[in-house]
Amino acid sequence: MAAEFLFSQFLSGLTTAIFLFLVASGLSLVFGVLRVLNFAHGTFYMLGAYLAWQTMAWLAPTKEGFWLAALAAATGIAILGFVVERLMFRHLYGKEELYQLLFTYALVLILGDAAKILWGTGQLSVSRPPSVEGSLSVFGALLPGYNLFVMVLGFAIAIGFWVILQRTSAGRMIRAAAMDREMLGSLGANVGVLYTGVFVVSSFLAGLSGALVSPIKAIVPGMDVEIIVEAFIVVVIGGLGSFWGTFLGALIYGQVLSFGILIFPRFSIFSVFALMAVILIVRPWGLLGRPLK
Amino acid sequence: MSRRIPWTLVVLLLALTIPWFGSRYYTFLATQIAILSLFAVSYNLLLGTTGLVSFGHAAYFGLGAYATGLLMKELNVPFLLALLAGGLLPAAFAGVFGYFCVRLTKIYFSMLTLAFAQIVWAICFQWNEVTGGDQGISAIPYPELGWIGAIPGLGGFRTGDHFYFACVVLVILCIWVLGRITDSPFGRLLTTIRENPERASFIGVDVRRYELAAFAIAGGFAGVSGALFGIFNRGVFADFMFWPKSAEVLIMTILGGMNYFWGPVAGTIMMVVLNQQITSYTEYWPLVLGTILLVLLFAFPGGLMGALDAGAKRLRGQKTGGGDA
């Protein structure tokens with residue numbers, strides 16, 4: 001029975017991990033190419049959840065409308081990311097890193113309040129689509145069908161991403177930019193388009209993960225700052241800008257949180273920050289990252 | 001030329017006039033401004049002077065508040081002694097945490113300061129026996145300051161005014177010390193490190209040791225500010241150290257102008273006054289603050305003081321005929 005319990009704990013950690021990977025991968029991608037830690041990434045995630053709820057409300061009677069709503073939310077956030085990058089963010093590229101950081105923080109403040117104005121401060125919830133309603137028994141532990149679906153999707157996105165990074169010319173550009181963006185620019189690559197593209201993809205991922213989390217977590221104001229800190233921890237553990245590092249970081253975070261609650265119930269939050277501090281002290285560039293030049 | 005004006009004295013004298021307006025509200029605002037000014041000026045020793053972007057300065061503010069609050073409430077330690085402890089304890093913590101932080105650069109430095117601050121926050125938030133957990137510590141006693149009323153000319157003021165006088169004197173004293181540190185050879189070397197750490201180490205400066213010293217000093221003064229704030233607020237809560245508080249002090253400093261010694265004070269005045277004014281009309285203060293931040297980043301990257309300075313230079317240029325026109 002102990003084994004079953006531990007396994008169900010492991011599964012819950014894995015679910016947390018996949019959601020976090022979906023959020024953190026976009027954050028890490030932007031950091032790898034633009035060298036900016038995007039505080040607004042968590043806000044994009046929150047807005048994705050709200051947009052999914054809104055689309056569901058418009059499509060009210062059709063429960064399977066969730067899939068459409070998730071896609072619409074992700075697309076909406078991608079458009080938002082495009083507008084933000086094109087109209088504002090790009091004018092700060094030449095300026096100090098600190099100003100770019102503060103810009104993304106200003107977005108957190110503005111968009112967070114905008115969400116409050118539009119959707120109020122109460123909790124909103126989205127029901128699970130009936131097609132993945134049931135749950136599966138794995139070694140005696142229950143795994144809801146929806147969580148299984150998200151896990152499969154998460155792994156699929158991870159592999160798809162990796163293939164794009166390794167095999168396509170866009171992926172090569174992204175990897176080159178992460179290594180040396182001045183050189184990439186002087187070799188004649190259109191860095192401006194690349195930056196916009198990366199920002200849009202990252203926003204899409206944030207919006208998608210927000211939409212996907214909405215059936216299992218209540219949508220509330222403040223979920224943006226909560227997730228962004230978690231995503232920071234994940235990318236720091238794995239290595240800022242490292243793709244598989246983010247994946248590994250999310251897996252570790254999920255398990256530390258899930259088992260940390262068992263061992264020190266009162267200090268589970270403490271344990272993840274302690275892990276982050278230890279990694280930064282021992283290996284600042286993360287488990288799978290490369291030292292910045 | 002402006003160095004001839006003893007700004008510290010001017011600010012002290014101006015600040016001391018506030019209670020004569022006789023408004024409880026003005027004194028309340030001014031006390032908050034005085035206390036948070038010290039927090040921001042201490043932060044700027046890192047940001048503006050040394051070029052270190054800390055995301056965890058609130059930890060030291062909160063540690064000072066807890067130390068002084070607990071000493072005064074549980075052990076009846078006299079105010080000034082408790083305040084001293086509220087500076088020394090955070091300075092010691094900053095010394096230990098800083099030892100690890102200054103080994104890292106840029107975003108990694110910032111992330112580690114954030115991690116340490118969140119660790120301290122998580123402990124204070126959940127250690128119910130000592131810190132009161134999420135309930136915090138309330139009913140921190142006011143220091144015994146009745147003797148201020150016995151000073152000729154200062155009779156007839158309220159307790160809040162007495163505390164304000166004490167705060168202004170203590171804060172200005174601390175800011176004066178920070179100013180002396182910034183202007184000292186030690187401070188000049190910190191600026192050299194900000195401008196070019198490699199060159200600083202080539203001329204024989206132990207960069208990490210200097211950065212660590214700045215980190216500990218800044219942490220100590222942030223602690224004094226937090227200690228005063230805990231008394232002013234009549235309570236200490238874990239929120240004092242949560243990361244948005246660290247973002248707030250960063251924004252105040254940038255808002256005022258991190259390249260000016262008095263910039264953080266200007267930023268604090270602007271932030272506290274605007275906050276009071278705007279929250280009386282609308283609950284959407286973050287929206288307003290975010291918009292101000294955007295305007296600042298795109299139009300006035302030098303902050304309030306930078307804009308004033310540029311304006312003053314233009315005026316002077318026009319008066320003398322303006323060679324560059």
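This report describes the two chains of a predicted model, their contact and several local features.

## Chain A: overall form

Chain A contains 11 helices and 2 strands. Read from the N terminus, its elements follow the order α-α-α-α-β-β-α-α-α-α-α-α-α. Along the principal axes, the C-alpha trace of chain A extends over about 60 × 45 × 35 Å. A compact globule of 293 residues would have a radius of gyration near 19 Å, and chain A agrees with this because its own value is 19 Å.

Within chain A, 49% of the 293 residues count as buried. Of the contacts in chain A between residues at least 6 apart in sequence, 76% join residues at least 24 apart.

## The hairpin of chain A

Strand β1 (residues 135-138) of chain A runs antiparallel to strand β2 (residues 141-144) of chain A, and 4 bridges join the two. One of the residues of the pairing is A:Ser135, whose bridge partner in β2(A) is A:Pro144.

Together, β1(A) and β2(A) form a hairpin with 2 residues between the strands. In the turn, A:Phe139 has a positive phi of about 45°.

## Chain B: overall form

Chain B contains 15 helices and 2 strands. Taken along the principal axes, the box filled by the C-alpha atoms of chain B is roughly 60 × 45 × 40 Å. For 325 residues, the radius of gyration of a compact globule would be near 20 Å; chain B has 20 Å, which agrees with that expectation.

Buried residues account for 49% of the 325 residues in chain B. Among contacts in chain B with a separation of 6 or more, 76% are between residues 24 or more positions apart.

## The contact between the chains

The contact draws 28 residues from chain B and 29 residues from chain A. On the side of chain B that touches chain A, the elements that give two or more residues are α5 (106-126), α12 (243-256) and α14 (285-299) of chain B. The largest share of this side comes from α5(B), which gives 11 residues.

By residue class, the side of chain B that touches chain A comprises 24 nonpolar and 4 polar residues, with no charged residues.

## Helix α13 of chain B

Helix α13 of chain B covers residues 263-279, a run of 17 residues.

The buried residues of α13(B) are B:Gly263, B:Pro264, B:Val265, B:Ala266, B:Gly267, B:Thr268, B:Ile269, B:Met271 and B:Val272.

B:Tyr142 lies in the loop between β1 (137-138) and α7 (147-150) of chain B.

When neighbours within four places in sequence are left aside, B:Tyr142 is in contact with B:Thr159, B:Phe163 and B:Ile231. B:Tyr142 and B:Met252 are separated by 110 residues in sequence and by 28 Å in space, C-alpha to C-alpha.

Key:
Residues are numbered from 1 along each chain as its sequence is written. Chains are lettered from A and ligands numbered from 1 in the order in which they are written. This is a predicted model: local features need pLDDT of at least 70, side-chain atom pairs count only at pLDDT 80 or more; totals for chains, interfaces and linings use all residues. The radius of gyration is taken over C-alpha atoms; the globule rule is 2.2 Å times the number of residues to the power 0.38. A residue is buried if 20 or more other C-beta atoms lie within 10 Å of its own, exposed if 12 or fewer, and partly exposed in between; C-beta atoms are placed from the backbone. Two residues are in contact if their C-beta atoms, placed from the backbone, lie within 7 Å. Ala, Val, Leu, Ile, Met, Phe, Trp, Tyr, Cys and Pro count as nonpolar, Asp, Glu, Lys and Arg as charged, and the others, Gly among them, as polar. The expected span of a helix is 1.5 Å times one less than its number of residues. Two strands pair if DSSP finds at least two bridges between them.
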